[in-house]
Amino acid sequence: MASSFGETDQVLVEEKSSTRIFTLNRPKQLNAASFTMVSRLLELFLACEEDPSVKLIILKGKGRAFCAGGDVAAVVRDITQGHWKLGANFFRREFILNYVMATYSKPQVSILNGIVMGGGAGVSIHGRFRVATENSLFAMPETALGLFPDVGASYFLSRLPGFFGEYVGLAGARLDGAEMLACGLATHFVPSEKLSLLEDALCKADSSDPAVISATISEFSLVPNLKEKSACHWLNIINKCFSRRTIEEIILALEREAADKEDEWISSTIQSLKKASPTSLKISLRSIREGRLQGVGKCLVREYRMVCNVMQGETSKDFFEGCRAILVDKDKNPKWEPSKLEQVTEDMVDRYFSKINDEDWEDLNLPRRLNIPPHAIAKL
Amino acid sequence: MEKVNFRTQVLTGHLQNHRHATTAATIYPLPCVSYVPPEVSEQPFSFDVSSMRKLMDGHNLGDRDWLFNLMVQSKLFNPRLRGGKVFVVPDYNHSMEQQREITMKRIEYLLYHGVFEGWLTGKGPEAEMKKFALLEVIEIFDHSLAIKIGVHFFLWGGAIQFFGTKRHHDKWLRATENYLIKGCFAMTELGHGSNVRGIETTATYEANTGEFVINTPCESAQKYWIGGAANHATHTVVFSQLNVDGNNQGVHAFITQIRDENGNICPNIRIADCGHKIGLNGVDNGRIWFDNVRIPRENLLNSVADVSPDGKYLSAIKDPDQRFAAFLAPLTSGRVTIAVSAVYSAKISLAIAIRYSLTRRAFSITANGPELLLLDYPSHQRRLLPLLAKTYAMSFAGNYLKLLYIKRSPQLIKTIHVVSSAFKATLTWHNMRTLQECREACGGQGLKTENRIGQMKGEYDVQSTFEGDNNVLMQQVSKALLAEYVAAKKRNKPFKELGLEHMNRSCPVIPAQLTSSTLRSTQFQNDIFCLRERDLLNRFAAEVSQYQEHGESKESAFVVSYQVAEDLGKAFSDRAILQSAIEAENNVKDASLKNILGLLRSMYVLVTLEEDAAFLRYGYLSTDNAADVRKEVAKLCSEIRPQALALVCSFGIPDAFLSPIAFDWVAANSWSTVQN
C-alpha cells in the first residue's frame, strides 16, 4: 500500500481483528479534509474492499471534530496561486471517495462525535451506519460560502423526509445529534461515554452482516429528546415553504408565515437565506431537486460539473468572495455578485450544470463498481 | 439469525459471482444469474444525455423536476422500495373506489403545493407551456390522475374560458383553479359520441321566467362517460340542443350545478356510475339525467351565440355549420395533450423494456458461453429500436403541435384542427402498439402491474376513443386535404396550407437504385413521403369525383372511398411528423446530437417505408427498393443498438417513475424482500 511520504498520519489506522479503525488526524484544523487525507482514505477503502480479512470499517475523528469539511482554504490558495484545475483535482478525488463509500460492499460505521460539516458529511453519510452523540454538530454551510452542498449532498439531503433537505442545504441549518437521528442523517445515537465500549463490541462482533452491526450498535444507543427549539418541530412549515418551486417563492412563503405570527425560528431562517449567496441558493436548490430524481453516481457527476463551474468563476466569483469573508479575512461580510436573487437568471443557473468549455476538461469519471449490493445504495 | 446469515451469504455469492465468473465457470456452474447495471456493462454515452433531454422535453424542465419532487416526497404517491430503489407507481390492486379516493387526495396534495396556480388565471404562452409541462409530468405518474385533472381544468375550465364571456370568467375561473367547485363536462351521450351535433339533450328557453329548462328526453340522451360525475363534480357544462321560441338553434353549452357543497346530488338530477373499466379506474365516470332542470339565462356560455331576456336568438355567425365549428375549435387543447401524453407513455414503456433488455439474458449461442443479452439479438433490436426511433420523431411532432396550439390565431384554426387530429390518432395508435411490443419484450415481468407496461395498455387504450375516435379523426384529415385540393384546383392557385406546398413543385422522382446514403438522405426521405401524399391525394380526389359523377352524394362518396382516405390520412401524418423531426434536427448545433438524431430519423422513415403497404401497392417503391430498405433497417438497428441506453436515459423520466425490472430485478425479487 504505497502512500505519500510523511503524510500518512493524516489518517491513523488501527487493526483490531477483522475491523479497521480509521481516525482522521488533523485535530488543529478540525480534521478538515485535505487532498492528502482524501487520497489516503480512498486508498484505504479500496484496499480494505479487496482484503477478505476486513469485515468492518470504523471512521472517526481526533479531537472535538469528526471532520469540519473539505480544506477549502487550501483549495482556494491553490486556485489563486495556480489554476482552478488544481482545485478540480481535489474535488475529483473527494467525490470518487464519496462514491466508493456510497457503493461500498462492507459496512462503514462513522462515529460523529463532534463537528460534521460539508466534506465531513460526505465521508460519513454515504456509509451504512452513522452514530451521532450529544457532541454532534451537523451542517452543510456551503451557501454562506458561495458554494453549494456538494460531496453527494444533492443525493442524501434530497432523501431526508419531506423538504427538510432543502431547509438544511439552503439555510445551512445546524443540527445536533438528536435532530440528526430524527431526520435520518444518523442511524443511531450513542452517548459519547459509551463510544469506547461500542468500539470494542463492534470489533468483537466480527461480522459484515448489517443486521448484526445494527443490533450491536443498538445495544448502546438511545433515542434522545429533541430540544425545545429544534427545527424538527417546524416540519409542517418546512414542508409547506421549502417545497416551493423557486428560492424567491420559498422566501415569500416563509415571510407569509412570519407575518401570521411572531416566530424566532422563521425569522432566523429567513435571515440565513438572505445572508447566503443568491447564486449559491439558486444552484443549490436546482441541484437538490435534480438529485432527488437521480442515483448517487449521477449526483456526483453533476456536482462535479457544478463545482468546476464555480471554481472557473465565469458566471460568479462568490466562492472566492465567500472564502475571503468567512475563512481568510473573517469579516463575515461577503459582497455577493450578483447581489440579488432576481439578478440570477435561469440562463446563469443553467451554465453551472453544463459541461466546461475546455478541451482538457472531462466529466467526473466514476470507477465502475460491479455488483453493488442493493443495501449499499438505499441507506436513507 | 443463522438463517439470516446463510441467506446473506447466498445472496452475497450471487451478487459477487460476476467478478470471479471466469474462474468459477470452469469449476462449477454459476448458481444464478447476476444483475449488472447497464451503466456498467454498456459503452460510455456518445452524446450528452441532459442536452438531449432538454431538446426532447423542450420547455419548463425545472418546473417538471419540481413536480416530480413533490410526488416522490409524498406517501400519497405510493412509494415502494424494490431492489434498493424507491418507485412511485399507483397501486393498481386497489378497488375502483379506493383508486378514486386516492386520486382525489393526490389532487388535493398538488393543489396545496400550488401546482395549479395560474392554470386558468395565468395569461400568455408561458403560463400555457408551464401548464402543459406539469400535466405531462402528472401523466407520467398516472393516467387517471391526469385525466381527472384534465377534465376539471381543460374541459370544464376550458369551456368556461373559451365558450364563456367575462361574467363566467369572473365567477368561475378562480373558483375552479382553487377547487372551490369541481367541474365536469357533459357532452357525450349514450346514443351520440363523435357525432356531437346529433345529441338529444334539450335546453328550452322560457322568456317569462328567464330560465333555460334542461331535459333528458329519452334513455339514449343520458350523458355518458362524464369524468368526475359519479363521485366528485359539483358543476357541469352540459351540451344541449337549444330551443328558442320553437326553433332549434343547434348545440350549445350551459352551466348546471349537479351537487351542493356537501356533495349531495341536486334536485331533478339523477346520476349513476359507469362502473368498473379496463383502466382509468381512478376517474369516476358517471351518467347524468336531467329532469327539466331550471337554470338562469346567464348560464348559457355565450361567446358565440346568446339569447336575449325576451327570447331572441343572437349570433354573429349566421351559418350553423360555421357556428358549430367556431364553437368547438377551442377543444383542440384536449387533442394536443392526448397526443403528447401518448408519446410520454411510449417513452416510459421503452425505457423499461430497453433497460430490461440490457440486463436480462436468454440462451447462449456457443457451447458453455454466456447467455446473450436480449438486446444483442437482432430480432429484439428490430422489435424495439424502430419504435424508439418513431417515439423520438413523434416527440418532436408533439412539441411542434404544442407550439402550433400556443400561437393559435383565426388563420391557424384549420391547420391546428387537421394537425391535432392527425397527430392525436397517429401518436395514440403508436403508443398502444409500443406498449404491446414492450410488454411482450419483457416477457412475464411485463404482466406485473408494478412494472407498469401491461397495466398501461388498459390505462391508455381510451386515448384512441376520447376527444374524437381515431378513425373518424383520420377521415376528417383526408376530407380537409381534399377540400384544400378542390379549392386550389378550382381557383387554379398554388397550395399554401397544411404543408401541401410540396404539391406545387414537380413530382419527385425516386432513383431506381437506392444506396445506403440515398436512403439516409433527408432529400430522399422527404421526396418519398411527399410523393406518397401527393399521389394519394390525387387518387382520393379522382375516386370521390368519380363516385359523384355516378350520382353519389359527396358524403356517400367519402364513405365508399374509405380505403384511399385511410392511406392518405397516414401519409399526411407521417410527412408532418418527419418535417417536425427534420426541423428539430436542423436546430441542433452539437455534432454528436445531430449524428444520433440523423440515425433515428432515417430509422423512422425506413421502418415506415417497410411497414406501410401503400409504398409497394401504389408503386412508389419497387420490390428491389423494398429489399434495400429492409436491409438498411437491420443495419440501422445495429448502429442504434450501442446508443439505446443513452437514448432512453434522455427521456427525462426519473428512475422512480420507471419500474423494478428497469433496474436490479434480481434484488427486487430476492427472498429477503419476501420476508420483509
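Strands, as named in these legends, are DSSP runs of at least two residues, numbered from the N terminus. Two of them pair if DSSP finds at least two bridges between them. The model shown is predicted.

**View 1. The hairpin of strands E7 and E8 in chain B.** Strand E7(B) covers residues 235-244 and strand E8(B) covers residues 247-257. The two run antiparallel and are joined by 9 bridges. The hairpin leaves 2 residues between its strands. In the turn, Asp245(B) has a positive phi of about 55 degrees.

**View 2. An open sheet of 3 strands in chain B.** The strand order is E6-E10-E9, with antiparallel pairing. Strand E6 (223-227) and strand E9 (269-273) of chain B each have a single partner strand and stand at the edges, so one side of each lacks a neighbour in the sheet. From one strand to the next, the twist averages 35 degrees. E9(B) pairs with strand E10(B), residues 285-290, over 5 bridges in the antiparallel sense. Ile271(B) is found opposite Ile288(B) of E10(B).

**View 3. The packing of helices H17 and H19 in chain B.** Two packed helices are described by the angle between their axes and the distance between the axes. Here, helix H17(B) (residues 522-549) and helix H19(B) (residues 562-586) have axes that come within 9 Å and cross at roughly 155 degrees. Because angles over 145 degrees count as roughly antiparallel, H17(B) is roughly antiparallel to H19(B). Their crossing is left-handed. Residues of H17(B) that make the contact include Phe529(B), Leu536(B), Leu537(B) and Phe540(B). Among those contributed by H19(B) are Leu568(B), Phe572(B), Leu578(B) and Ile582(B). Charged residues also take part, including Arg532(B) and Glu533(B) of H17(B) and Asp574(B) and Arg575(B) of H19(B). The residues of this contact comprise 12 nonpolar, 4 polar and 8 charged.

**View 4. The surroundings of Asn113 in chain A.** Asn113(A) is located in the loop between strand E5 (108-112) and strand E6 (115-117) of chain A. Its relative accessible area is 24%; because values under 20% count as buried and those over 50% as exposed, Asn113(A) is partly exposed. When neighbours within four places in sequence are left aside, Asn113(A) is in contact with Gly63(A), Arg64(A), Thr133(A), Asn135(A), Ser192(A) and Leu195(A). Glu303(A) is 190 residues apart from Asn113(A) along the chain, and the C-alpha atoms of the two are separated by 27 Å.

Key: Residues numbered from 1 in each chain as written. Chains lettered and ligands numbered in written order. Predicted model: local features only at pLDDT ≥ 70, side-chain atom pairs only at ≥ 80, totals over all residues. Heavy atoms only, no water. Helix = DSSP H or I, 4+ residues; strand = E, 2+ residues; numbered from the N terminus. Axes fitted to C-alpha atoms, helices over the stretch in contact; angles between N-to-C directions. Parallel < 35°, antiparallel > 145°, perpendicular 65-115°, else oblique. Left-handed = near helix turned anticlockwise from the far one by under 90°. Contact = heavy atoms within 4.5 Å. Buried < 20%, exposed > 50% of the residue type's maximum accessible area, 1.4 Å probe, protein only.
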